[in-house]
Amino acid sequence: MAPPTARPRARLRLAVLISGRGSNLQALIRAAADPVYPAEIALVISNRPEAPGLTHATRAGIPSRTLPQPSRAAFASDADRALRQSGAELVVLAGFMRILDSDFVESWRDRLVNIHPSLLPAFPGLHPQRQALAAGVRFSGCTVHFVRAEVDSGPIIAQAVVPVHPGDDEALLSERILAAEHRLYPMAVRLFAEGRLEIAGDRVTIRGAVPPEITLYNPSEVLASADG
Ligand code: GRF
């Protein structure tokens, strides 16, 4: 008798909401192209018809919708309907630049995630890279978090740290952070899809997660001791 074959587990259905370039969408499309990745993208929604990111969806054969409704409530109800029709189990904000209706956020509570290009809770809101440079921090990075009604708040799932270089301007720092975003977002979504995240109050615990055994110094210790 042939040995029983393991039935492949259904992949988690994602909907990705974008407003612009869509490089994080592209990173998720690339991750989901691997058949062992535990999630697939069922729908892409843009609130802007001209969003360049929509072409990534088209090229990958992923259904997309444009919902340019000017009112926040109208967007929320149309998006909610489209998401439910698509069978989305997790809604992924990827450069989505509209503030979401609080009822929408509540009805997708703990199934709605965002990526922000700073180490939250530092520098929420617009231009976080510019804020980081203005504050003179030595490290910045990006954060994937569950979404709550207040902008860029909610339980943190994962973060990546990048150094700030002395010659950085906003574009250079953004580019360095973005490269980290493209690895962090697919990883965070995978942890969700594998059912490894537990939310208790404002904190997320990750089953089986091991923190890195490193401490980073900026400037590096080598330079500091050579000059000192
Ligand atoms: C990213 O930096 C993301 O963190 C922020 O908006 C930017 C979107 O970039 N929320 P893209 O559209 O994914 O290229």
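Me: Is H127 buried, partly exposed or exposed? What's its number?
Reply: H127 is partly exposed, with a relative accessible area of 39%. Keep in mind that this is a predicted model.

Me: Where is H127 found?
Reply: H127 is in the loop between β5 and α5.

Me: What about phi of H127, positive or negative?
Reply: Positive, at about 50°, although H127 is not a glycine.

Me: How accessible is D110?
Reply: D110 has 26% relative accessibility.

Me: Switching to peptide bonds. Which residue does a cis bond join to P121?
Reply: L120. Omega of that bond is about 10°.

Me: Where is P121?
Reply: P121 lies in the loop between β5 (112–116) and α5 (128–135). H127 is found in the loop between β5 and α5 too.

Me: And the bond from N218 to P219, cis or trans?
Reply: Cis, with omega near 10°. P219 is in the loop between β9 (203–206) and α7 (221–227).

Me: Now helices. How do α1 and α6 cross?
Reply: Their axes come within 9 Å and cross at roughly 50°. That makes α1 oblique to α6. Helix α1 covers residues 23–32, and helix α6 covers residues 170–193.

Me: Why give both an angle and a distance?
Reply: Two packed helices are described by the angle between their axes and the distance between those axes.

Me: Left-handed or right-handed crossing for α1 and α6?
Reply: Right-handed.

Me: Which residues meet there?
Reply: From α1, S23, N24, A27, L28 and A31. From α6, L178, E181, H182, Y185, P186 and V189. By class, the contact has seven nonpolar, three polar and one charged residues.

Me: How many residues of α1 are buried?
Reply: Eight of the ten, so α1 is largely enclosed by the rest of the structure. The buried ones are S23, N24, L25, A27, L28, I29, A31 and A32.

Me: What do those buried residues pack against?
Reply: Several elements. Among the strands are β1 (12–18), β2, β4 (90–93) and β5. Among the helices are α2 (54–60) and α6.

Me: You mentioned β2. Where is S46 in relation to β2?
Reply: S46 is in strand β2, which covers residues 39–46.

Me: Buried or exposed?
Reply: S46 is buried, with a relative accessible area of 0%.

Me: Which backbone oxygen does the side chain of S46 reach?
Reply: The one of R48, at 2.6 Å.

Me: Leaving aside neighbours within four places in sequence, what is S46 in contact with?
Reply: The residues are I18, S19, A51, L54, R65, T66 and L67.

Me: Last topic, A135. Where is it found?
Reply: A135 is in helix α5. It is partly exposed, with a relative accessible area of 48%.

Me: How far apart are A135 and F123?
Reply: They are twelve residues apart in sequence. In space, A135 and F123 are 9.4 Å apart, C-alpha to C-alpha.

Terms used
Residues are numbered from 1 along each chain as its sequence is written. This is a predicted model: local features need pLDDT of at least 70, side-chain atom pairs count only at pLDDT 80 or more; totals for chains, interfaces and linings use all residues. Side-chain values use heavy atoms; hydrogens and water are left out. Helices (H or I, at least four residues) and strands (E, at least two) are DSSP runs, numbered from the N terminus. Buried means under 20% relative accessible area, exposed over 50%, partly exposed in between (1.4 Å probe, protein chains only). Axes are lines fitted to C-alpha atoms, for helices over the stretch in contact, and angles run from 0 to 180 degrees between N-to-C directions. Angles under 35 degrees count as roughly parallel, over 145 as roughly antiparallel, 65 to 115 as roughly perpendicular and the rest as oblique. A crossing is left-handed if the near helix is turned anticlockwise from the far one by less than a right angle, and right-handed if clockwise. Contact means heavy atoms within 4.5 Å. Ala, Val, Leu, Ile, Met, Phe, Trp, Tyr, Cys and Pro count as nonpolar, Asp, Glu, Lys and Arg as charged, and the others, Gly among them, as polar. A polar contact is a pair of N or O atoms within 3.5 Å; within protein, one must be able to donate a hydrogen and the other to accept it, and residues adjacent in sequence count only if both atoms are side-chain atoms.
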